[in-house]
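Biologist: I would like to learn how to read cavities, pockets and helix packing in a model. Please take one feature at a time.

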Amino acid sequence: MHRSRPVSGVRAVAALLTVSLLLCGVVVAGGGPGVAASTDANVPTGAVAQSGASAADGGDEDAIDLRSELSATDETGTVAVTTTAHLPDRVTGLEITLLTANDDAIEADGFERADDADGAETWVWDGETERPSLAYAMDANVSAPESGPLATGGTYRFVDAGEWALVRTPRHRVAWSQTGETQLRFDRENVVAGEGVASEAMAFLGPYEEYVRETDDQRYRLIVPEAAEMEATPDDVFGVFEGAASALRVGGVDDEVVAIAAPTGEVSWAVRGLQRGDADLWVRDEEPVETVDDVWTHEYVHTRQTYERDPSVRWFTEASATYYAALFALDRGAIGFDDFQRTLARGERDPAGSSVLADPGSWRRNADYTKGSLVAGEIDRRIRLASDGRASLATVFRDLNDDSGALTNRAFLDTVESAAGEGGDEEAAAAVREAAERWTTTTAAPEAWDRDAHAEAFGGTPARIGYAIADDGVRVTGEYRNGTVDRDPVRLVTGESLALAVDVSNTGGVEGSYDLSLSVDGGTVEARNGTLAAGEATTEGFDREFAEPGEYAVRVGSETLSVAVSDPADVLVRDVAVDADRVTAGGSVVVAATVANDASIPAGSDVEFRVDGEPVGTESVRLAAGGEATVAREVSVPGSGDADAATVTVVGPVDEASTTVAVDRDAGTGDGSADADGAGDDETAGEGGLTDDGASGFGPVVALVALLSLVGLSVRRGSG
């Protein structure tokens, strides 16, 4: 099947897309016919699935779906990929750059190579093929020398071992042009042909077993290849994930975490574990969980880091993961205090100890892991003391995730001082900030604390304030509808309000405060704050009306929602009927119009009632997406004239429907006087149809009669 497109050739399409190809990252250009957009799939977005699942086959008309199927090849070290695009009718041009294809030949169906690709593998859709695709090969092996406490001295980060492969997923840069006001979504899906599983950033090809653990906040999937020999049990792994999740009420919670146990055997891995994408990770199968440098916890902590970092605070990424892996192992009794203290004390020793954390160029001996974890721990200890246990480093972590801007070391220090001040002692908070600034911007380093100091600061569990949008917590209110809506994205029409319910909980051991804000496109529009006792929870509500069409980024806590606002769709007139096939001249009939909304957004417009072409009144109609209703009005048939029939028409914004009613002129006065019921023109033609409960529309008795009578007489005609 082919589609007819107003495309004169590949060069025309390439020219159309030139502007959008200049974009990098995820970019959405403003609405209107011919809108252009692009997305860089270096950071994959959208749906992911394992072998056998396919969102693209469903044909979502609001999204461009890019489905990449990975399969093994006869050539060790390569993976075959077929990338297929599902394109809604509103797409007028599409261009794909393959970022991970190797030098092998590429087979194209519905694509042609761009003339001005400048060496890049850039392909342009022919504008006609319904399911265009590109088949190509991707190098599976990724080698990189690694250093740091998690380095092994090996080679591979990803590898094709022959019988199995643990690889990156394909990456693409996609640009398109479209018609319509509402911006199309871009969804990416990865699958494996045959045995295997693919997620957002990683894929495993080969036989495996899958273990799943569901919690209130997250779903954990553990992929254990047949070639792997696990040191830890699946229950062990799930236990450390759940423990870390419980302790880190810091936002950044992904619905699903995918963890792969990487087989060791003859493969020499460069690192003991690796985290990529939003929530994908692999850890060597021989890694235990009962150690001070538990890699499973370390990589899980990385999945919770959603802040944007400036180089001056890059140290905190590995520092926090290393520190929390050790602290949580101590908390669950997997290690003793001496092991914990020795791990942190590595940061005291030169050359790491004299590195400046805010200056990555000065780092020696993995200073971000060693000195960084010591500094992170000491900041945590001092915050707990200064705030009387009302805050901790997790409070800083949470606030960093909540900040939508790029994180600098100064912003980090501001957040440290704010957390330390939650106990009300401003002088103590300032002292914590001063110490943190000295340890991050100079060669100074703290000393690892002893057992008594640890008991003083960590003896009680600090407040752990967490935020999460409640189940059914994304609602829309307004004249069209009042109920829950999908989140990806939230689709509204002008005049509607987005209502959000956010659960705030304190799972710690002492009282803690929260400061929750709602921002739109980076600007704070509402804020809520309060305190929660240990174990207490509350729900805060936000309500924001959107008056103008557009794409909005709405952030609450650490969650961001994409909100697409458009003008309401047009109401369609399906059919029209009257409650009598004959009327006395000057009398009245009740006209019932069936109106509908075929769009995926609410519809709102007026429909006009006419008799013999003359307007006699209007009714305002509001319909939910896919909705249908009956709107009625009592209208008068003119008493003057000699025609024996009158045409009754209901006209909408884009179409209309008509029917006729016979006029008996012998039985009436011909002067518009009252009919047999005593009702005259003044009562019927002026204010329109009122139901017997006073609401605009069809009354209960009249509605029943009109819906059951003379529907067969109606005729619909379109406006063209």
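Modeller: Start with the largest cavity, which is lined by R249, S392, A394, T395, R398, A463, R464 and I465. On a 1 Å grid over the protein atoms alone, a cavity is a set of points where a 1.4 Å probe fits but cannot get out, and lining residues have an atom within 4 Å of a point. This is a predicted model, in which local features need pLDDT of at least 70, side-chain atom pairs count only at pLDDT 80 or more, and totals for chains, interfaces and linings use all residues. Residues are numbered from 1 along each chain as its sequence is written, and side-chain values use heavy atoms, with hydrogens and water left out.

Biologist: What volume does the largest cavity have, and which helix gives the largest share of its lining?

Modeller: Its volume is about 50 Å³, where a volume is the space filled by probe spheres set on the points, and grid points are joined across faces, edges and corners. Helix α8 (residues 393-402) gives the largest share of the lining, three residues. Helices (H or I, at least four residues) and strands (E, at least two) are DSSP runs, numbered from the N terminus.

Biologist: How are two packed helices described?

Modeller: By the angle between their axes and the distance between the axes. Axes are lines fitted to C-alpha atoms, for helices over the stretch in contact, and angles run from 0 to 180 degrees between N-to-C directions. Helix α5 (residues 315-331) and helix α6 (residues 337-345) pack at about 170 degrees, with axes 9 Å apart. The two helices α5 and α6 are therefore roughly antiparallel; angles under 35 degrees count as roughly parallel, over 145 as roughly antiparallel, 65 to 115 as roughly perpendicular and the rest as oblique.

Biologist: Which residues of α5 and α6 meet?

Modeller: Y323, A326, L327 and L330 in α5 meet F337, F340 and L344 in α6, where contact means heavy atoms within 4.5 Å. By class, this contact of α5 with α6 has seven nonpolar, no polar and no charged residues. Ala, Val, Leu, Ile, Met, Phe, Trp, Tyr, Cys and Pro count as nonpolar, Asp, Glu, Lys and Arg as charged, and the others, Gly among them, as polar.

Biologist: At what angle do α4 and α5 pack?

Modeller: Helix α4 (residues 295-303) and α5 pack at about 135 degrees, with their axes 8 Å apart. That angle makes α4 oblique to α5.

Biologist: How many residues line the second largest pocket?

Modeller: The lining has 24 residues, and D399, D402, D403, D515 and S517 lie nearest the pocket's centre. A pocket is an open set with protein on both sides within 12 Å along at least five of seven lines.
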